[in-house]
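Good morning, everyone, and thank you for making the time.

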Amino acid sequence: MTISNDPHASSRLTDARIIEAERHDDPKGKLAVFEKAENGMSPFEVKRVFYLYDVPADSERGGHSHFNGQELIIAIAGSFDVELDDGVERKRWRLDRPYRALYIPTGLWRTIDNFSGGAVCLVLTSTNYSEDDYVRSYERFVELTAPKRIKNNR
């Protein structure tokens, strides 16, 4: 992938957002639904689902960005923080409701930390797993996002 086509050069933190699931309350329990629909509940077709659990409270997960993959991150149980970085600015979200997902577009660095006891982090992705889709070095991420910093300094 050439840098000019790389989403890291143009990704913006403002494209990340909380998406609320369609919720259905019933005396027998509650149901939350995230599906691709005209109402924008999910901005992509889900290709892969995985979850993190039994994460020690002092651990950090994530620590990468994607060239192609988009994600929805949901605290199915407990809570944790997600910090996003677009190469220019950073923002932190506290996820603690199973009906709220944090949408992460391509090209943003993410870290997940401050896990509560019993936390379960569910991740829905727009792509199947491919190691080639990952930027795992923060130094490389900084290189890829340099065009944004140059543009902002003009």
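Before I point to any pair of residues, let me say that two strands are taken to pair if DSSP finds at least two bridges between them, and that the strands themselves are DSSP runs of at least two residues, numbered from the N terminus. Please also keep in mind that what you see is a predicted model.

With that in hand, look at strand 5, residues 61-66, which pairs with strand 10 in the antiparallel sense over three bridges. Within strand 10, the residue that stands opposite G62 is T111.

Stepping back, these two strands belong to an open sheet of five strands, in the order 8-7-10-5-12, and the pairing is antiparallel. Strand 8 and strand 12, the latter being residues 134-135, stand at the edges with a single partner strand each, so one side of each is left without a neighbour in the sheet. As a general point, strands of a sheet pair through backbone hydrogen bonds, either parallel or antiparallel.

Let me now move to the side chains, where the count comes to 13 salt bridges. One of them joins D81 and R94, whose closest N and O atoms are 2.8 Å apart. Because D81 lies in strand 7, residues 80-85, and R94 in strand 8, residues 90-95, this pair ties together parts that are 13 residues apart in sequence.

Which residue does R92 form a salt bridge with? The partner is D113, and here the closest N and O atoms are 2.8 Å apart. This pair links distant parts of the chain, with R92 in strand 8 and D113 in strand 10, residues 109-113, the two being 21 residues apart. R92 is partly exposed, with a relative accessible area of 38%, while D113, at 13% relative accessibility, counts as buried.

Finally, I would draw your attention to E131 and R136, which form a salt bridge with their closest N and O atoms 2.7 Å apart. In this pair E131 is partly exposed, with a relative accessible area of 39%, and R136 is partly exposed as well, at 45%.

Methods. Residues are numbered from 1 along each chain as its sequence is written. This is a predicted model: local features need pLDDT of at least 70, side-chain atom pairs count only at pLDDT 80 or more; totals for chains, interfaces and linings use all residues. Side-chain values use heavy atoms; hydrogens and water are left out. A salt bridge is a side-chain nitrogen of Lys or Arg within 4 Å of a carboxyl oxygen of Asp or Glu. Helices (H or I, at least four residues) and strands (E, at least two) are DSSP runs, numbered from the N terminus. Buried means under 20% relative accessible area, exposed over 50%, partly exposed in between (1.4 Å probe, protein chains only).
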